[in-house]
Every structure is written in C-alpha cells, then in structure tokens.
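Q: I should like to learn how to read the packing of helices in a structure. Could we work through one together?

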Amino acid sequence: MNGDFHYYATYCAAVIAGYSHEEASQICYSAQLVDFCSKTFLASIKGPKSAATTQLSVELVEQKTDLLGLQDITRIWASFHFLPYDLYAEKKHCSRIYRNKYRLICNSNGVLVKDTIELAKNKSLQAVGIAMHVTADTWAHKYFAGTPSMVINNTDSHFYEILPDGDSFKTRKMKFSHNPKAVDDIENAVYVNSLYQTSENTVMNLGHGRAGHLPDYSFIRYKYLPAWGEYKEILKDNPSDYIHAFAQLVYAMQYLRGEVESFELDTYAWDTIKPYRSRIESILEKRQVNDAEDWKAFGEELSGEKISDFDLQLYRDEYKNAAKEEKNNTFLGKFILGALAQKSMVTGKIYKSGNPIAGVSVDYEKNGFAGIKDYMKLIEYSNGGDHHE
Amino acid sequence: MSKMKRVGSVLMGLFMILFGFLLFLFPEKGMKIIIIIIAVSMVAYGLKFLTFYSTLARHMIGGKYNLYLGMIILNLGLLTATMYGTRTLPVFIYLFFLFGFSGILDVMKAFEEKKNKAPFWLLRLLFGLFSVSLGILAIFSCFIWKSPEAMTYLFCVLLFYSGFFRIVKAFRKTAVVYIQ
C-alpha cells in the first residue's frame, strides 16, 4: 500500500472509528512513518537502529544477504509489511528450509493480525498507527513473503489484468519493465518490477518486488501465477481487498478505543462504514496510481479539519532535543517503542514456531536479557509501568 | 552490488588479468591449470543448481530450469575434466566454444534487457558480441593456423578483456527497483 492509504485513508478510518482530528492525525502519521523509519533516518536522530521499520533502496543495495543479514531483513519486512499468515502451515514433501520460507507468506486474518492489534491495546497512538499499517498491508501484500526468496516471491510473465466490460469482465496481458527511472503506464498495462535474478536470497526477490506496484494499487484486478502456488492461478481483487482492509481498520480501532470488547478475526465494521461505502468504493476503483487527493478531501469532509501533508521532519527536533530520560515521551520515542514491541513480538512468534529465519528470540521472563541491546529500551519501558496512554 | 561484491569483482578481474599474463609466459603449464579450474568450478556450479532444485526450486513455478541447467553444467564440467592431459588444440576449441556460447547468452540477455528498458544493456551486448566473435575467430584460426600457441594468445586476450570488464562492472552504478 502507498501513502494515500496508509496516511489519508487511515486518517478517515480513525475518524470514522471515533478518534478526534488530533488523535487521527497522530495515528495516520505513525502508520505512514512505518514506510520511512529506516536505519538512515534513525541514525539522523540518534535513535536505536533496531527500531527500523523499513529499508531504503540504498540500504538494501548494501545489505549483506548472509544469515545475519537475511534475519535483519526478515525482522523488518515480516514484522511491518508482510505479516505471516500461518507460522505452522504444512506443505507435504518439502525440505525444512522451504517450509520455513513458505510459512512466512503473508495473508489477511492470520493469528498474528490479532496479536498485532492486541499488542497496541492500551498503548500509544503511535502503536495504534503501526498496527494499522501492518494490518492494512496484510490485505495489499497477501501471497508474498517478507524475506528475500525466489522460490516464494518470484513471478513469471503470466499476468493478466481483469477489466470491467459492461456487465462482465475482459482480460488483457500485462507487461513489465525493470528500468528504475520508468513509471507505471496503467493505460497500456506496462508496469515496473524488480529484476529477475536467479539467486534465491537476492533483495530483488524480497516481498512483491517481482509483481511491481500492482499490490499497491487499489483499483486493479489481476490474475497471475505465484512461484509457490503449484501452477494454480491467483486472482487478486484489490478493490475488494482494500474495502475489507478499511472496514477491518475501523473495527480494530473501535476495539482499541474500548468500544468493542474483543478483537476477532474476519470481522469488519460494515455497519459503521455503510453511510460512506459508495464514496470509499468510488475512490478505491478510480484508475489512478495515487488516491491521496481523493482520500484527503474525504477525510477533511469527515472531520471538518484540514489534514496536513506528511512531513518526515515534523517530530525530528522534538526527539533530538529531548533529554535522555524524556525521549520515550516524545512522538518519535513512542513510535520507536511501538516499533520495537511489534518487531519483538513477531520475531518471537516466528522463532517459537521453530523457524530461525528472523533470528533468535529470548524469553526475558525466563532467561533474562540477551542479544541486541536496543531492545533493553523496550524492557526498561515495560518495567517502568504507567507510561501507556 | 554491495561493497563486498564490488571488491570481490575487482579481485577476480585482477586475477584473470594476472592469469592471462602467466598463460602468456608459460602456455603449457597454464593450460592444465585452466582445465582444472574450469572443471572444478563447473562441477561445483552444476551441483549448486541441483542442490537448489532438490531443496527449494522443485516447488517453484519454472523451477525445473534449475534442474536442466544443473545437469548441463555438471556434465560440461565432467567433460572438461576428461580433457586434462590431452592435446592442446581440441581443448582450446572446446574452451572457445564455451566462451562463444556464454557470449550468445549475453547477447540474448542484452536484447531482453533492452526490451525491458534496463540500463547497461549495451555494455552487456558489446561484451557478448566480443565473446562470440573471439570464439568464431579462434575456431576458424585453429583450422587455418593449426597452432596451439596462437590459440593460447587468443585465450590470453579473452582473459584480459574478461578481467577488464569485471573491473568496469564493479565500478558501475547500481540501479535498483525498489518496491515498498
């Protein structure tokens, strides 16, 4: 998903769920920040690099793909952008190494979605924003894994767009280009994707790179053959997935606000969004690569307030200038804690399932602290008590 | 390309140029070493593909490509090993055939890259065409000159330019399509 959904649509969902303009602004800012909080950004504010929620292209180019490098990549991308659907999924007659990768395939309504939402309960608005990003991406990024893997994430030339044609649909072949300077040509169905590389662990095979930005466009419907799918065609209906994502975000935030007692999977706030549904669907189905203006106009109508554009520098000085003991109470400080908590939770669940692909996780309650020292911040904060909002 | 890979590529390029010089000075001994290096690396490469197929790629769409490629490379590696200690001329013909073949693959890949509007396709095309023309020249030359020494020197040229291109590629800007 792009900034149009993570920022403006999340704002709309938050307002519909009952948050005020100020609260919704903080939630959507945090949801969008997940796509910008790289190690480079954290280094610029002297924050803990383990809290990175994304990797820039320059970082990926220099990223080693040895065991530790792959674990680092997987911790970031599986935790925030490709939440695994079933960590105990079985596949017959395959090697353990294949199964470990297969189990990281993302899909909506997996157990980890519930864990993610529950983790944000009674936490900061920043944690809510992170959870919204992760949940929304389970719809857009389904069928891809947040680890570099050709055998899971690769695609071939079998891509067909499904276009409405009167009362039915017609198909047309889609083409791909690897030129980084090119832009997607939706009229002629020519899209940019990552290079085909035969190395299993190259970053070109990370996530949905081989399918280009298709999962990020709300209007598009297409069918293709995923590498792991044993020649079964997958139909990706983005307008349907995106409206489900929106309704699930509203429901999740109703739960986080305490208006719903428990968060259940496969449950949506259809009744709440009913008055807005046709408007939302018209935005989602519009054939354009960026829906930001439409979502922004809708959000401003909902709240009656002006929505500021996303500015990465907005909270930088507040964090940099804060005293050491006050950093956790700044906007970015709370975001960092939320990111560390999410990454820690997902890594722990993956490790507990017997899968070392995201690294080793240590149970602090049983074994005390060990490993990456950045996470000490999370433990200190958890032990500190009443900092939660 | 990461810094480590760039350093590796430069070192490999320098090694190829150095080896070209050694072969130029000591053609007989150098050729035996070439056979060993090519045979071992092709067998290892073939086994790598076969292992990848059996552990991972057999579940992947189009994964059989790895099986076929692994078998072909492994067999070529074993065939190369059998040429150790045989007469010089057939070995060189075989080696030039291999380089010519990889040149054809490079040309095909360059056109594929051009079709996909990828940068640096021209560099790959030039590299491929040079390999092919050198291969053709060498095969024709061996029937006209019938001289192992001439073949050796041509092979040295091949090593020089391959090493040079590796170094050039190491300093090339890396363009990445980044999908978030």
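Q: At what angle do α8(A) and helix α15 (residues 331-352) of chain A pack, and how far apart are their axes?
A: In this predicted model, α8(A) and α15(A) pack at an angle of about 45°, with their axes 8 Å apart. An angle between 35 and 65 degrees is neither roughly parallel nor roughly perpendicular, so α8(A) is oblique to α15(A). The crossing of these two helices is right-handed.

Q: Which residues of α8(A) and α15(A) meet?
A: From α8(A) come A:Gln126, A:Ala127, A:Ile130 and A:Val134. Their partners in α15(A) are A:Phe331, A:Lys334, A:Phe335, A:Gly338, A:Ala339, A:Ala341 and A:Gln342. Sorted by class, this contact has 7 nonpolar, 3 polar and 1 charged residues.

Q: Is α8(A) enclosed or open?
A: One counts how many of its residues are buried, that is, have 20 or more other C-beta atoms within 10 Å. In α8(A), 16 of the 16 residues are buried, so the helix is largely enclosed by the rest of the structure.

Q: What span should helix α8 (residues 125-140) of chain A have?
A: At 1.5 Å a residue, its 16 residues should span 22 Å. The C-alpha atoms at its ends are 23 Å apart, which agrees.

Q: How do the axes of helix α1 (residues 3-17) and helix α13 (residues 292-303) of chain A cross?
A: The two axes come within 9 Å and cross at roughly 15°. Angles under 35 degrees count as roughly parallel, and α1(A) and α13(A) are therefore roughly parallel to each other. Their crossing is left-handed. Among the residues that make the contact are A:Tyr8, A:Tyr11 and A:Ile16 of α1(A), and A:Trp295, A:Phe298 and A:Leu302 of α13(A). By class, the contact has 10 nonpolar, 3 polar and 2 charged residues.

Q: Is A:Glu301 buried or exposed?
A: A:Glu301 is found in helix α13 of chain A. With 12 C-beta neighbours inside 10 Å, A:Glu301 counts as exposed.

Q: How many helices and strands does chain B have?
A: Chain B has 6 helices and 0 strands, in the pattern α-α-α-α-α-α along the sequence. Buried residues make up 23% of its 180 residues. Among contacts in chain B between residues at least 6 apart in sequence, 73% join residues at least 24 apart.

Definitions and conventions
Residues are numbered from 1 along each chain as its sequence is written. Chains are lettered from A and ligands numbered from 1 in the order in which they are written. This is a predicted model: local features need pLDDT of at least 70, side-chain atom pairs count only at pLDDT 80 or more; totals for chains, interfaces and linings use all residues. Helices (H or I, at least four residues) and strands (E, at least two) are DSSP runs, numbered from the N terminus. The expected span of a helix is 1.5 Å times one less than its number of residues. Axes are lines fitted to C-alpha atoms, for helices over the stretch in contact, and angles run from 0 to 180 degrees between N-to-C directions. Angles under 35 degrees count as roughly parallel, over 145 as roughly antiparallel, 65 to 115 as roughly perpendicular and the rest as oblique. A crossing is left-handed if the near helix is turned anticlockwise from the far one by less than a right angle, and right-handed if clockwise. Two residues are in contact if their C-beta atoms, placed from the backbone, lie within 7 Å. Ala, Val, Leu, Ile, Met, Phe, Trp, Tyr, Cys and Pro count as nonpolar, Asp, Glu, Lys and Arg as charged, and the others, Gly among them, as polar.
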